[in-house]
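Trainee: I have a new structure to read. Please show me how to go about it.

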Amino acid sequence: MMRRRKFLALTVFGVAAGAVGCGGSPERVRVASGEVGGFYQAFAELLATVAAEVGTVRIDPVTTSGSQENLAMLANGQVDAALTLADSVQSERAPMVALGRVYENYLQLVVRSDAPIQQVTDLRGTRVNLGAAGSGAAVTGERLLWAAGVNPVSDVDVSHRPLRDAVAGVESGELDALLWAGGVPTDALDVPQRLRLVELGELAAPMRERFGHLYDLVEIPADAYASGRSVRTVGVANLLLAAPTMSDAAAGAIVDLLVSYADRLVPAEAAGTQFLDTRSLIGTDSIPLHPGAAAVYRRRHG
């Protein structure tokens, strides 16, 4: 069963030439990624591997709790680049630029297989984990609840645990549900044996109406978790951001990797529908492209 697909059109471009540092050591770029076992971490590790082979830039992934922590680390100079959900950027005030819109995260509301919860409104009076503290799911999860008419303060008992701790809590009955924003399938989610995904597709439009155009109606394929059924949910774009102080050479080298080695940057278990083609890379919404990134896009697109 094929779960891996290439980006739709990225590999048509040639391998970029040139090296960062005028022949010296490749410039080091620390990239804030995400939790171990999540797509942010997997994507950053793949990017680091390809970068090491090509030699134009050095990528050092930094494990974090997710989008909000990544943005804070980028703002205070702890990292040079960061992966983040697009909606987490809306409240960020620090100056930042984008290297590209790299793929789409899928919201996954997970309950026990035998749980009576069938929709988000059924969460009233339950214990729900809305992503780890500092994750993008903590922001998006509250918006999802508001869009469904569920008050995240008074209607549910919200916690913020890392993914694997939250999964253990749901499986043991300590938690009733967890929300995860990530790839499909996510190995930590034992679907359909112990856990089940709840349909969220009907909330895509209300989320767009209330919080902006960042939310898409997407579908988790029937074969993603071998559950035999597809599940509609909400997708949120992921951005790869950079500090404005990143050199043009380093920014350009990273974009060259994104474009020229796209098929090697897709985690093996990924559903191809999550990955965007080259035309979408520049769709970074209100975040301007880094000048070095923009120069490479112009060179490749004319």
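Trainee: At what angle do helix 3 (residues 136-147) and helix 5 (residues 204-211) pack, and how far apart are their axes?

Mentor: First, the ground rules. This is a predicted model, where local features need pLDDT of at least 70, side-chain atom pairs count only at pLDDT 80 or more, and totals for chains, interfaces and linings use all residues. Residues are numbered from 1 along each chain as its sequence is written, and side-chain values use heavy atoms, with hydrogens and water left out.

Mentor: Next, the general idea. Helices (H or I, at least four residues) and strands (E, at least two) are DSSP runs, numbered from the N terminus. Axes are lines fitted to C-alpha atoms, for helices over the stretch in contact, and angles run from 0 to 180 degrees between N-to-C directions. Here, helix 3 and helix 5 pack at about 105°, with their axes 9 Å apart. That makes helix 3 roughly perpendicular to helix 5. Angles under 35 degrees count as roughly parallel, over 145 as roughly antiparallel, 65 to 115 as roughly perpendicular and the rest as oblique.

Trainee: Which residues in helix 3 and helix 5 meet?

Mentor: Contact means heavy atoms within 4.5 Å. Helix 3 brings T140, R143, L144, W146 and A147, and helix 5 brings P206, M207, R210 and F211. By class, this contact of helix 3 with helix 5 has 6 nonpolar, 1 polar and 2 charged residues. Ala, Val, Leu, Ile, Met, Phe, Trp, Tyr, Cys and Pro count as nonpolar, Asp, Glu, Lys and Arg as charged, and the others, Gly among them, as polar.

Trainee: How do the axes of helix 6 (residues 248-260) and helix 8 (residues 291-301) cross?

Mentor: They cross at roughly 45° and come within 7 Å. Helix 6 and helix 8 are therefore oblique to each other. D248, A251, G252, V255, D256, V259 and S260 in helix 6 meet P291, G292, A293, V296, Y297, R299 and R300 in helix 8. Sorted by class, the residues of this contact of helix 6 with helix 8 are 7 nonpolar, 3 polar and 4 charged.

Trainee: Now single residues. Is L200 buried or exposed?

Mentor: Buried means under 20% relative accessible area, exposed over 50%, partly exposed in between (1.4 Å probe, protein chains only). L200 is buried, at 0%. You will find L200 in the loop between strand 8 (195-198) and helix 5. Leaving aside neighbours within four places in sequence, the contacts of L200 include L107, V120, L144 and R232. L200 and Q108 lie 92 residues apart in sequence, yet 8.1 Å apart in space, C-alpha to C-alpha.

Trainee: Where is V156, and what does V156 touch?

Mentor: V156 sits in the loop between helix 3 and strand 6 (157-159). Its relative accessible area is 7%, so V156 is buried. Not counting residues up to four places away in sequence, V156 touches L123, R124, T126, V128, L145, V150 and N151.

Trainee: Which helix holds A48?

Mentor: Helix 1 (residues 39-54) does. A48 is buried too, with a relative accessible area of 13%. Beyond residues up to four places away in sequence, A48 touches I59 and P61.

Trainee: How many helices and strands does the protein have?

Mentor: The count is 8 helices and 10 strands. Of the 302 residues, 55% are buried. Among contacts with a separation of 6 or more, 79% join residues 24 or more positions apart.
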